[in-house]
Amino acid sequence: MPIGSRPHLAVIGPLGAALALIAALSVAPGSAAGIEANALLPSIGFEGWFHNGAWTPVRVDVQTGNEAFDGHLVLGVPRGTLRSLPPAYVEVRLPIKQEAHSHTLHRLTLPLVGSPHPLTFQLQSRSGLIVTSVRVNLLDKATSLPIVLVLDPQAQSWAWLAADSDTSTPTFAYATDAADLPDEALGLYSVTAVWVSPEFPLHTLSPLQEEALQEYVEHGGHLVFMGGAHTPTFSDNWADWLGAPLPSMVHHIRTPDGVDVPAWRLPGTETTETEVPMLHQSYRQGAGRLTLIAANPLHLESMRPRTAWRDLLGLVESVHVPHDTMANDEAFWRILNGATLSSGLPWRIVALLIGHVVLVVFLAHRAERGPLSLALLPIVVGVGTYVIGYQTAAMGLPDRVNYAEIRLTHHVAEGVVSSRTYGLLDSHQARATDIRVGAANTLPFPAPHNTTVDLATRYTGDRIVLTDTPVRLLHEAREAAQVRLRTTGEQTVNVLNDGDVPLRHAFLISADQYVNLGTVSARGERSVTLIGQASSGRIAETIEAVLERLPTARRPHPLEIKSLGAAIGWALNVYSLQSPPVSWFLVAVADGDAAIEIPPTSQHRRVNVLVLPVPPLVLQGGDPS
Amino acid sequence: MTVHELFSVAGSECRSFFRSGLLWKLSGALLLLLTSVTFASWPRVAAVGDQTIPLTWNWFCYVSMAALSYIALTLASDAVEAGGRVPMYEWVYYEAARPVSVVIARGCAVLLFTLILWSMTVPIAVVAYAASPLSIDQLVGAALITLTLVVIATAAGSIVGASVTERTFRWIAVLTIIGASSALLLIVGGWIGPSGAAGIVTLNPLGAMHHFLDADSFAIKERRFPWASWTALYGTLVLILGASAYIRLRGWLPADDRRITLAGTKGTRTDRAKDSANTHSGGEPL
């Protein structure tokens, strides 16, 4: 009997099939067959918190199931902060090859923004099949408040330190084991202070993590060790680095409440029972600060006002650079777009071509008289082709990879500068070709006309492989300052250049005046009286005009002139907002090592602009105290 | 047509090219021209983020195509003086070679000489190519288009060489061909006046060259070049031109009752050709 003659079957049949299909799909793949799936466990920033635009540690734990995995871990880093624009991602691909039932931890440091679009993590097979994916919301986790990283296995709350009425309550993030700590200092720079509880096993930190913490402190960070019932067990690395004598004994401190609290006896504080014990010691370590606290402040709260603890623990004094000061980024990107690199055909190629023409014509002329010259002709043409081809390749002419960068080196703490490098790279190669650039502290971004298009990059160890050009490259690092400014008297500034390169086109600048220093030689010194020439208009444009009017031989490259102008604009914006505001600052071109490694045959131009504030207190002739 | 005849005519042609000073004069002129073009069209500045593709390689290809075609045309038509070179019709008139052998051998000799000149420009091409590198497919395509035009110019020059005896008139004929064909190519290719249909645009040498010099290699993959149509069209054209030259040459075959030698008596073809090669430096028939 046909189904049409039994209407109920016509309904039940498809319905049953649909139910069976739904039942089959509702079973998680693998669970029915006992297959364990691959998993991604991402973690960003400090318990998810990060500063908008700051280089932030990103950690991904890749776990494999019953089968080995060979493919890529793909991170989609959102760039846009506007909902009105389509989401644009920088796609970072890392090759993953992992055995079954294993897990590996991958760490990256990326500049994250509080985007309305999520940060995505995907495991993709070689064929591009998405095996698993995770999305992390960024919008609610970008904070402008100070972040304090607490290394504490018990993750005790330190929120009691924040005053109830204080709007700048820090964000506390807890690292309960070594895996939670970044392994490069760049990832820590946005942290106001790192506190280490006595229970935290410092010896479990990897050498990279130890180095990152130490570099963080030397470049302006604040590391706080809290004491307790045990003497600290620092590894040799820490002991060598700390320099300061370490506590070697434990005693007890009686609080006003009559409670005995176990505490470190801080070195050099041999006190009697009747004296008030020293509760903390603070040292300068590089540009940063190292603080030892005798006991857990939680127990000592009653011995000091809360505000004193806040001050001591570095919650008031913040050394990190607010990342909204990078709002002028676009000014530098705009300068790079269209920056000129070279002019005309290289003279070596011109000479080779002319030599080739002369030799060939000479041999052709001689060919009338005998066959020897004729026989030599193909050899000369062949050798000429090889030599000219080799020279053009050596000069990178066929590669046509052009690169221009501006490095803005600016003061972040006493003796420490931060360099933020903006690079623009493009290639005219007809075929899509891999271009490899250095990966350390570098992230590519889409070029201006491609901001709404995703940019795909591959990370292979120490290189980023780029295919789509033009592309922007952003790099950030901190280093010891080579140039120091001292005020030797009222209105007199001493510029001391300890570096190996001269400072060119140096200016001391205020909002409406400038002093032209010219060149400060390497290992040189210059004293200047701050009696400047008045600027007829906006100071940045005035300086650019001054440089433009220099004789051709002394005139800097246009990219240097524009970079100096943009750096002056940046400094005026940033320093006027500081408290106390900076009146005068130094701007100069300082040649230096390359920040971003690019293909060796590329045509390139690099400009490093140094911006340092003149210390304001001494400038005013006052006493800092 | 025998192999001996072909080699005899081609060898005579090549000897006259190399020994008459044509080699160094033409190579000098060609190399200087292409070097100048490369220098002049090399981008003055390289700017980051500038997506403009330098036109150095395009200029090199267009100019070398035009120059080589011009050289092939003038050589095949006997418009240029080459000491001791036997005019086409004399090979036939004195029965030193058959018309078909003369057309083929002289064509091959002109092509060989042009290719030798072309090969000398390779180092310059390497520099020009460095300004705006393209894919190998595009390189080979551009080379084949140039070769096609050189072959056509050789065949067209053969008609002039077979038909016109006065060097002045040969020059006039050559210049007329250049002017007419240039106008035709520019109009048909859509470079002057309204654009033609896409097929016609691509199938003319300028359009074809443009097709291969298009910097967008991805577009090239999508627009495959119609090689079959190209071969059929220009193969037919070359055959027609060659056949025309052959027909014109046949007109120089002496009738049996008019066969004479320099000495006024009948002789072998070889004797007459040798006499001609030894006594003539081109010009009018005897």
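Here is a quick tour, from the whole chain down to single residues.

This is a predicted model. Chain A has 11 helices and 33 strands, and 39% of its 625 residues count as buried.

**The chain as a whole**
- Residues 24 or more positions apart make up 69% of the contacts in chain A with a separation of 6 or more.

**A six-stranded sheet**
- Six strands of chain A form an open sheet with mixed pairing, in the order β11-β10-β12-β13-β17-β16.
- The edges belong to β11 (171-175) and β16 (280-285) of chain A; each has a single partner strand, so one side of each has no neighbour in the sheet.
- On average, neighbouring strands here are turned by 20° against each other, direction ignored.
- Strand β10 (residues 147-151) of chain A runs parallel to β11(A), and five bridges pair the two.
- Within that pair, A:Val150 has A:Tyr174 in β11(A) as its bridge partner.
- Helix α2 (residues 207-218) of chain A packs on this sheet, touching β12 (193-196), β13 (222-226), β16 and β17 (288-293) of chain A.
- The direction of helix α2 of chain A makes about 110° with that of β17(A).

**A closer look at A:Val224**
- You'll find A:Val224 in strand β13 of chain A.
- Is A:Val224 buried or exposed? A:Val224 has 23 C-beta neighbours inside 10 Å, so this residue counts as buried; the cut-off for that is 20 or more.
- A:Ser197 is 27 residues away from A:Val224 along the chain, yet their C-alpha atoms are separated by 8.5 Å.

- Why is strand β32 (residues 585-590) of chain A described as largely enclosed by the rest of the structure? Because six of its six residues are buried.
- Side chains in a regular strand alternate between the two faces of the sheet.
- In β32(A), one side carries A:Phe585, A:Val587 and A:Val589, while the other carries A:Leu586, A:Ala588 and A:Ala590. These residues are all buried, so both faces are covered.
- Strand β28 (residues 503-509) of chain A runs antiparallel to β32(A), joined by five bridges.
- Strand β33 (residues 603-613) of chain A is also antiparallel to β32(A), again with five bridges.
- A:Val589 takes part in both pairings: A:Val589 is the bridge partner of A:Arg504, and A:Val589 has A:Val609 in β33(A) as a bridge partner.

Technical notes. Residues are numbered from 1 along each chain as its sequence is written. Chains are lettered from A and ligands numbered from 1 in the order in which they are written. This is a predicted model: local features need pLDDT of at least 70, side-chain atom pairs count only at pLDDT 80 or more; totals for chains, interfaces and linings use all residues. A residue is buried if 20 or more other C-beta atoms lie within 10 Å of its own, exposed if 12 or fewer, and partly exposed in between; C-beta atoms are placed from the backbone. Helices (H or I, at least four residues) and strands (E, at least two) are DSSP runs, numbered from the N terminus. Two strands pair if DSSP finds at least two bridges between them. Axes are lines fitted to C-alpha atoms, for helices over the stretch in contact, and angles run from 0 to 180 degrees between N-to-C directions. Two residues are in contact if their C-beta atoms, placed from the backbone, lie within 7 Å.
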